[in-house]
Amino acid sequence: MRTVVFDFPPALHDAGRDFWQVALAADIRRGRRYPEYHALEHPAAVGPVLVQNLNDGVSRIHLDVESDDTEAEVTRLVAAGAEVVERIDDWTVLRDPGGLLFCVVPADLDEGFEKFARTVGS
């Protein structure tokens with residue numbers, strides 16, 4: 001697991017982003033490629049934390065699962081009971097059997113993937 005993402009609809013985004021900035025004693029950096037995301041830099045957290053401005057929907061938290069073979073990981077998780085919801089650029093949004101959304105994202109080799117990765121599945 002790489003990232004925790006706080007998702008907020010537009011009307012709640014700024015308040016949610018600002019709250020988690022204070023709660024995690026972090027700095028904020030707006031995404032360049034995806035401006036609907038804000039990175040909470042140097043948070044009091046184990047891994048990266050993002051805040052996403054949703055187009056619509058309800059507030060939620062989702063996790064990003066990092067893989068050096070995203071297609072194989074999506075296939076493995078679908079076999080375990082997940083459902084593919086959407087493919088966006090180089091990541092895939094899935095829903096677990098309990099209805100929670102999560103993403104499978106490509107490995108960020110510059111951010112220590114090799115150090116923390118472990119092989120799962122067969």
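Let's start at Ile61, which sits in strand β5, covering residues 60-67. Keep in mind that this is a predicted model. From there we'll move to some charged pairs; the whole structure has seven salt bridges.

**A nonpolar patch**
- Ile61 has 51% relative accessibility, so it counts as exposed.
- Together with Met1 and Leu63, Ile61 makes up a nonpolar patch on the surface, and the three share about 320 Å² of accessible area.

**A bridge between two strands**
- Arg60 pairs with Asp7 in a salt bridge, with 3.1 Å between the closest N and O atoms.
- Arg60 belongs to strand β5 and Asp7 to strand β1 (residues 3-8), so this pair ties together parts 53 residues apart in sequence.

- Arg17 forms a salt bridge with Asp14, and their closest N and O atoms are 3.4 Å apart.
- Both residues are in helix α1 (residues 10-23), and because they are three residues apart, about one helical turn separates them.
- Arg17 is buried, with a relative accessible area of 15%, whereas Asp14 is partly exposed at 44% relative accessibility.
- Asp18 also forms a salt bridge with Arg17, with the closest N and O atoms 2.9 Å apart.
- Asp18 counts as partly exposed, at 34% relative accessibility.
- Through shared partners, these salt bridges link Asp14, Arg17 and Asp18 into one network.

Conventions:
Residues are numbered from 1 along each chain as its sequence is written. This is a predicted model: local features need pLDDT of at least 70, side-chain atom pairs count only at pLDDT 80 or more; totals for chains, interfaces and linings use all residues. Side-chain values use heavy atoms; hydrogens and water are left out. Patches are made of residues with over 30% relative accessible area and no salt bridge: like charges are joined within 9 Å, nonpolar side chains (Val, Leu, Ile, Met, Phe, Trp, Tyr) within 5 Å. Accessible areas come from the Shrake-Rupley method with a 1.4 Å probe; for residues, only the protein chains shown count as cover. A salt bridge is a side-chain nitrogen of Lys or Arg within 4 Å of a carboxyl oxygen of Asp or Glu. Helices (H or I, at least four residues) and strands (E, at least two) are DSSP runs, numbered from the N terminus. Buried means under 20% relative accessible area, exposed over 50%, partly exposed in between (1.4 Å probe, protein chains only).
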